[in-house]
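Please read it beside the sequence and the model.

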Amino acid sequence: MKGNVTNFLKHIPIRCWLLLLLLLWVGCVQHITGWSTGYSQTVYPVIAKILGGFSQWIPFALGDLSIACAVIWLIASPFYKRFQQKKKWKAILFSEVEFLLWIYIWFYVAWGLNYSQPDFYARTGIARTEYADEDFKTFVTAYVDSLNQSYTATLITDKDSIAHAIVGSYLCTTALPGIHPPFQKCPKAKTMLFTPLASMVGVTGSMGPFFCEFTLNGEILPSHYPATFAHELAHYQGIAREAEANLYAYLACTSSHIPAIRFSGYLSILPHVLSNAAQVLKEEEYEQVFKSIRPEVIDLARYNQQYWADKYNPLIGNLQKWLYELYLKGNRIASGRKNYSEVIGLLISYQKHKVSTN
């Protein structure tokens with residue numbers, strides 16, 4: 001019996017042992033705080049600079065193409081192996097599972113383990129503010145004033161200028177805690193290869209973890225482009241949680257010297273502010289807040305909403321929402337897609353911290 005076991009172990013390919021070790025390492029990083037911090041602070045920056053530096057030279061989204069090829073391979077490969085190579089279904093199933101496990105490893109080693117790092121409050125030492133109604137009202141009043149003042153009808157469309165300006169904001173706001181400075185002087189946001197499909201599910205940007213690249217929807221409107229660029233850049237800089245990426249994008253954009261970028265930053269969180277206001281404020285208070293927003297901003301927000309609604313496909317969109325909800329919760333984001341709106345709590349806590357330390 002012992003000899004049979006030894007003989008079996010000898011016939012296990014080296015790649016399978018390597019796969020097992022990597023799975024074990026990923027599991028340890030996900031559940032041991034010191035390991036996850038070590039990954040996000042020391043390992044990931046090296047990976048991002050290598051993979052991101054390489055992918056910057058490729059004009060199209062490598063990640064999008066790789067995912068499409070992987071899906072085609074997973075579907076076509078079993079039939080080829082069965083009917084052309086005459087392999088048994090058991091061996092085919094094993095190879096499919098192994099292929100998926102290597103994709104799983106690549107995803108987490110290249111970027112996904114950033115989900116396991118301590119959250120914003122733990123990384124920065126900023127206290128979480130369990131804001132009362134008065135805290136929220138103060139925040140909303142100041143936000144609406146800034147939003148109204150930042151409004152500009154002149155939008156910036158030069159993508160290189162936007163990239164340079166936002167990277168400059170991230171670099172100038174060195175006091176921003178808990179995020180790496182940009183890895184490149186002018187990182188490129190690639191256009192999604194499947195932009196029409198992304199529009200049908202309401203996705204305006206994404207982080208491509210396999211090659212450390214980020215992509216933007218080719219149909220995104222100029223008023224939202226800077227904030228979306230800054231949001232996805234935050235993901236590239238190692239921020240996995242959506243609310244935190246919203247926070248950093250907001251702070252980077254609203255500190256820019258370019259009016260259109262500042263306005264994009266304020267506009268980007270308007271849906272989250274109104275969503276929170278509808279839950280926290282009384283109906284008459286909410287109406288008062290809504291009426292205090294300048295008509296031009298409301299008209300633009302409604303236009304943007306209708307623009308994406310016209311492209312949205314409910315069937316595909318609901319499927320994508322369900323899958324993304326599972327994806328986020330599978331990566332220990334308990335609130336799922338609601339995590340986006342948690343940016344308001346982060347902002348209030350961050351602003352209170354700034355006031356108390358100045």
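Strand E1 and strand E3 (residues 213-216) pair in the parallel sense over 3 bridges, where two strands count as paired if DSSP finds at least two bridges between them. Helices (H or I, at least four residues) and strands (E, at least two) are taken as DSSP runs and numbered from the N terminus. The model is predicted, so that local features need pLDDT of at least 70 and side-chain atom pairs count only at pLDDT 80 or more, while totals for chains, interfaces and linings use all residues. Residues are numbered from 1 along each chain as its sequence is written, and side-chain values use heavy atoms, with hydrogens and water left out.

Taken together, 3 strands form an open sheet of mixed pairing in the order E1-E3-E2. Its edge strands, each pairing on one side only, are E1 (189-191) and E2 (205-208). On average, neighbouring strands of this sheet are turned by 35° against each other, direction ignored.

Helix H10 (residues 225-236) lies across E1, E2 and E3 and runs at about 160° to E3; axes here are lines fitted to C-alpha atoms, for helices over the stretch in contact, and angles run from 0 to 180 degrees between N-to-C directions. A search of the whole structure finds 25 aromatic pairs, for which rings of Phe, Tyr and Trp (its six-membered ring) must have centres within 6.5 Å, with planes under 30 degrees apart counted as stacked, over 60 as edge-to-face and the rest as tilted. One of these is the edge-to-face pair of Phe214 and Phe229, with 5.3 Å centre to centre and 75° between the planes. This pair links distant parts of the chain, since Phe214 belongs to strand E3 and Phe229 to helix H10, 15 residues apart.

Which residues touch Val203, leaving aside its neighbours within four places in sequence? They are Met192, Ala198, Asn217 and Gln320, contact meaning heavy atoms within 4.5 Å. Val203 itself lies in the loop between helix H9 (195-200) and E2, and its C-alpha atom is separated by 9.7 Å from that of Tyr312, 109 residues apart along the chain.

**Helix packing**

| Helix pair | Angle | Axis separation |
|---|---|---|
| H2 (residues 14-31) and H5 (residues 89-110) | about 40° | 10 Å |
| H2 and H3 (residues 33-55) | about 105° | 5 Å |
| H11 (residues 242-254) and H17 (residues 343-357) | about 55° | 8 Å |

Angles under 35 degrees count as roughly parallel, over 145 as roughly antiparallel, 65 to 115 as roughly perpendicular and the rest as oblique. With an angle of about 40° between H2 and H5, H2 is therefore oblique to H5. H2 passes H5 in a left-handed crossing, a crossing being left-handed if the near helix is turned anticlockwise from the far one by less than a right angle, and right-handed if clockwise. Among the residues making this contact are Leu18, Leu22 and Trp25 of H2 and Phe94, Trp102 and Ile105 of H5. The contact residues of H2 with H5 divide into 14 nonpolar, 1 polar and 2 charged, where Ala, Val, Leu, Ile, Met, Phe, Trp, Tyr, Cys and Pro count as nonpolar, Asp, Glu, Lys and Arg as charged, and the others, Gly among them, as polar.

H2 and H3 are roughly perpendicular to each other. Their contact is made by Trp25, Cys28, Val29 and His31 of H2 and Thr33, Trp35, Ser36 and Tyr39 of H3, and by class it has 5 nonpolar, 3 polar and no charged residues.

H11 and H17 are oblique to each other, and their crossing is right-handed.
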